[in-house]
Amino acid sequence: MKISARNNLVGKVKAIEVGSVNNEVVIELAPGVEITSVVTKASCEQLGLEVGGSAYAIIKASNVMVAVD
């Protein structure tokens, strides 16, 4: 896989919450470290995503917001 995004994180699919149009996919990067993405149901099926399988979380953003209390 070649991709221009610099932030690609590999992990295991921990959970998939299936919706009518979109699915919420939780990828565990390390024990206790998770990232969640919402993808179309069709994309989830085309990628063959399943719990326990390996997947990449690819982050491409021109802005990252930082906040403090």
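**View 1. Lys2, out in the open in this predicted model**. Lys2 comes out at 86% relative accessibility, and since anything over 50% is called exposed, it gets that label. Look for Lys2 in the segment that precedes β1 (7-18).

**View 2. The largest nonpolar core**. Which residues make up this core? There are 6 of them: Val13, Val25, Ile27, Cys44, Ala55 and Ala57. Two strands each supply two or more of these residues, namely β2 (22-30) and β4 (54-59). As a bit of background, nonpolar side chains in soluble globular proteins tend to be buried together.

**View 3. Zooming in on Ala55, a member of that core**. What does Ala55 touch once residues up to four places away in sequence are set aside? Its contacts are Leu9, Val10, Gly11, Val13, Ile27 and Leu49. Val13 and Ile27 also turn up in the core's list of residues.

**View 4. The largest pocket**. This pocket holds about 250 Å³ of space. Its lining counts 13 residues, and Ile27, Ser37, Tyr56, Ala57 and Ile58 sit nearest the centre. Strands β2, β3 (33-40) and β4 each give two or more residues to the lining, with β4 making the largest contribution at 5 residues. By type, the lining splits into 11 nonpolar and 2 polar residues, with no charged ones.

Notes. Residues numbered from 1 in each chain as written. Predicted model: local features only at pLDDT ≥ 70, side-chain atom pairs only at ≥ 80, totals over all residues. Heavy atoms only, no water. Core = buried A, V, L, I, M, F, W, Y, C linked by side-chain atoms within 4.5 Å. Buried < 20%, exposed > 50% of the residue type's maximum accessible area, 1.4 Å probe, protein only. Helix = DSSP H or I, 4+ residues; strand = E, 2+ residues; numbered from the N terminus. Contact = heavy atoms within 4.5 Å. 1 Å grid on protein atoms, 1.4 Å probe; cavity = no way out; pocket = protein on both sides within 12 Å on 5 of 7 lines; lining within 4 Å. Points joined across faces, edges and corners; volume = space filled by probe spheres on them. Nonpolar A, V, L, I, M, F, W, Y, C, P; charged D, E, K, R; others polar.
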